[in-house]
Amino acid sequence: TPAHDHWRLSVPERSEAVVGGQLREMDDLLAIDIRPDRIVADWGSDTAPEDVGRLMATIGMAGHAYADGRTCLHGCAVAFGDKAILLIGESGAGKSSLTAALVAAGASLISEEVVMPDRDPLKLMAGPNAIKISAELANHLGVEGMCTRAFLHPALAHEGLAWTPPGATRTARLAAVRLLEPRQHSPKLSL
């Protein structure tokens with residue numbers, strides 16, 4: 001919820017999850033109050049500290065940039081040498097899957113989920129470095145042994161796995177922007 005000088009949100013606002021074989025209503029996984037000079041987070045007893053850290057690295061970073069008047073984009077960025085490619089699109093468009101495939105093919109990860117331009121808007125800053133992918137894609141890319149669950153909380157089980165590839169790039173100069181269209185949901189793997 002945006003306010004005049006801060007931004008407050010809850011993730012998810014209310015949810016249900018199967019825990020121990022029973023459907024349970026879950027309290028907020030994480031509530032974040034973001035102001036230009038600080039971020040305050042509050043989480044319930046069902047939330048693992050690892051989940052708080054991962055959510056703060058994405059949502060907290062985006063909200064803080066917004067509250068501070070800076071730009072933050074929902075997307076992924078990779079680099080080939082000193083040239084960056086920015087992938088943007090709606091949730092489910094395949095940004096993370098394409099990013100994982102590019103990194104597996106030799107690109108360096110700059111940021112996953114949120115991308116922040118530096119003061120020079122053609123220079124992208126490093127951000128979250130764990131790529132969320134499906135178990136099927138992890139197997140296809142041969143990285144399944146290097147993945148962990150993206151989130152431990154049952155309400156976020158659908159988020160899949162997290163792969164933190166070695167050798168992330170700190171910054172790179174923007175060379176291309178690709179807008180990904182929403183993909184057609186298919187039982188087959190699609191990149």
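Glu-113 counts as partly exposed, at 22% relative accessibility. On this scale, buried means under 20% relative accessible area and exposed means over 50%, with partly exposed in between (1.4 Å probe, protein chains only). Glu-113 sits in the loop between β8 (108–111) and β9 (114–117). Its phi is near 85°, a positive value in a residue other than glycine.

A quick word on what you're looking at: this is a predicted model, where local features need pLDDT of at least 70, side-chain atom pairs count only at pLDDT 80 or more, and totals for chains, interfaces and linings use all residues. Residues are numbered from 1 along each chain as its sequence is written, and side-chain values use heavy atoms, with hydrogens and water left out.

**The whole chain**

The chain holds three helices and 14 strands. Those names come from DSSP runs, numbered from the N terminus: helices are H or I with at least four residues, and strands are E with at least two. Of the 191 residues, 39% count as buried. The accessible surface comes to about 10,500 Å², and 52% of that belongs to carbon and sulfur atoms; areas are from the Shrake-Rupley method with a 1.4 Å probe, and for residues only the protein chains shown count as cover. Now take contacts (heavy atoms within 4.5 Å). Among those between residues at least 6 apart in sequence, 61% join residues at least 24 apart.

**Next stop: Met-116**

Is Met-116 buried or exposed? Met-116 is buried, with a relative accessible area of 4%. Leaving out residues up to four places away in sequence, Met-116 touches Met-61, Ala-65, Arg-70, Thr-71, Cys-72, Lys-123, Leu-124 and Met-125. Met-116 and Ala-126 are ten residues apart in sequence, and their C-alpha atoms are 7.7 Å apart in space.

**An open sheet and a helix on it**

Three strands make an open sheet in the order β11-β13-β12, with antiparallel pairing. β11 (131–133) and β12 (147–149) are at the edges with a single partner strand each, so one side of each has no neighbour in the sheet. On average, neighbouring strands here are turned by 40° against each other, direction ignored. Helix α2 (residues 95–104) packs on this sheet and touches β11 and β13, its direction making about 110° with that of β11. Axes are lines fitted to C-alpha atoms, for helices over the stretch in contact, and angles run from 0 to 180 degrees between N-to-C directions.

α2 is mostly covered, with seven of its ten residues buried. Ser-96, which lies in α2, is one of them, at 15% relative accessible area. A polar contact of 2.8 Å links the side chains of Ser-96 and Glu-112. Such a contact is a pair of N or O atoms within 3.5 Å; within protein, one must be able to donate a hydrogen and the other to accept it, and residues adjacent in sequence count only if both atoms are side-chain atoms. After α2 comes Gly-106, with a positive phi near 120°.

**Who pairs with whom?**

Two strands pair if DSSP finds at least two bridges between them. Here are some pairs:

| Strands | Sense | Bridges |
|---|---|---|
| β11 and β13 (161–163) | antiparallel | three |
| β6 (73–80) and β7 (83–89) | antiparallel | six |
| β7 and β14 (171–180) | parallel | seven |

Ile-131 stands opposite Trp-163 in β13. Val-78 has Ile-85 in β7 as its bridge partner, and Lys-83 has Arg-173 in β14. The hairpin of β6 and β7 has two residues between the strands, and Gly-81 takes a positive phi near 65° there.

**The nonpolar cores**

In soluble globular proteins, nonpolar side chains tend to be buried together. A nonpolar core here is a set of buried Ala, Val, Leu, Ile, Met, Phe, Trp, Tyr and Cys residues joined through side-chain atoms within 4.5 Å. Which residues have the most contacts inside the largest core? They are Ile-131, Ile-133, Cys-147 and Trp-163, in a core of 13 residues. α2, β11, α3 (135–141) and β13 each supply at least two residues of this core. Cys-147 touches Ile-133, Ala-138, Leu-161, Ala-162 and Trp-163, not counting residues up to four places away in sequence. A second, separate core has eleven residues, including Ile-34, Leu-55, Ala-150 and Ala-162.
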